Amino acid sequence: MRCHLCLQWSWQPLCKTCLSTLLEPTPAKRILESGLKVYSFYQYSEIANLLHTKHTYIGAKIFAQLAKNSMLPFLQQFDFPKGAYGIPIDDHVRHGYAHSAVLAKELKSILKPLYGSLRAQNHETYSGQKLAFRLSHKRDFISTCNEGISVVLIDDIVTTGTTLQEAQKVLEKNGVKVLFALVLADAKEN
Ligand SMILES: [Zn+2]
């Protein structure tokens, strides 16, 4: 196949050269109102085209490559409470591949993935919606996590942070310690 970015021949949808140049991660931290720390690795505009491939066969491969190139090396520098878990945000499968579950799977050597442990009951799309809409159409997450565990939240992008904070709230109410969140891109709307 050809690399999605440079169109050179490659075994994977993203070639080694692009991963080490254009896609070299620049870790950034945002602290949400709730105090939740969110680490991101790319500007949204840099990888928007790649993020739009999600839920497709190629998209699953691209998401796996991005996680391995950014989130994994970042986690390797952290000192973790023993047995911390990775929670993909709403890994409900809409069109074939749950993008957050693909990310969580790539991190399994460090964070044990808990698939389907945080389910949203409301699957309305937030794409292009303003904060007021997001706040009035909450995800209504249900947590099936055991009390007392430590977790890291995993998703592809953070925009307003509404979804991540809602997830944090539900988990903490269920006695789960939320360490921080990892996302590929920060798409903060100014
Ligand atoms: Zn390339």
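This is a predicted model: local features need pLDDT of at least 70, side-chain atom pairs count only at pLDDT 80 or more; totals for chains, interfaces and linings use all residues.
The chain that makes them has seven helices and nine strands.

Next, the overall form. The protein has 190 residues, and a compact globule of that length would have a radius of gyration near 16 Å. The protein has 16 Å, so the two agree. Along the principal axes, the C-alpha atoms fill a box of roughly 50 × 40 × 30 Å. Of the 190 residues, 38% count as buried.

Now look at one residue, Ile149. It sits in the loop between strand 7 (141-143) and strand 8 (150-158). Is Ile149 buried or partly exposed? A residue needs 20 or more C-beta neighbours within 10 Å to be buried. Ile149 has 19 inside 10 Å, so it counts as partly exposed. Leaving out residues up to four places away in sequence, Ile149 touches Tyr85 and Val176. Pro81 lies 68 residues from Ile149 in sequence, yet their C-alpha atoms are 9.6 Å apart in space.

Finally, turn to helix 7, which covers residues 162-173. Its 12 residues reach 17 Å from the first C-alpha to the last. That is close to the 16 Å expected at 1.5 Å a residue. Which residues of helix 7 are buried? They are Thr162, Thr163, Leu164, Gln165, Glu166, Ala167, Gln168 and Leu171. After helix 7 comes Gly175, with a positive phi near 80°.

How values were computed:
Residues are numbered from 1 along each chain as its sequence is written. Helices (H or I, at least four residues) and strands (E, at least two) are DSSP runs, numbered from the N terminus. The radius of gyration is taken over C-alpha atoms; the globule rule is 2.2 Å times the number of residues to the power 0.38. A residue is buried if 20 or more other C-beta atoms lie within 10 Å of its own, exposed if 12 or fewer, and partly exposed in between; C-beta atoms are placed from the backbone. Two residues are in contact if their C-beta atoms, placed from the backbone, lie within 7 Å. The expected span of a helix is 1.5 Å times one less than its number of residues.
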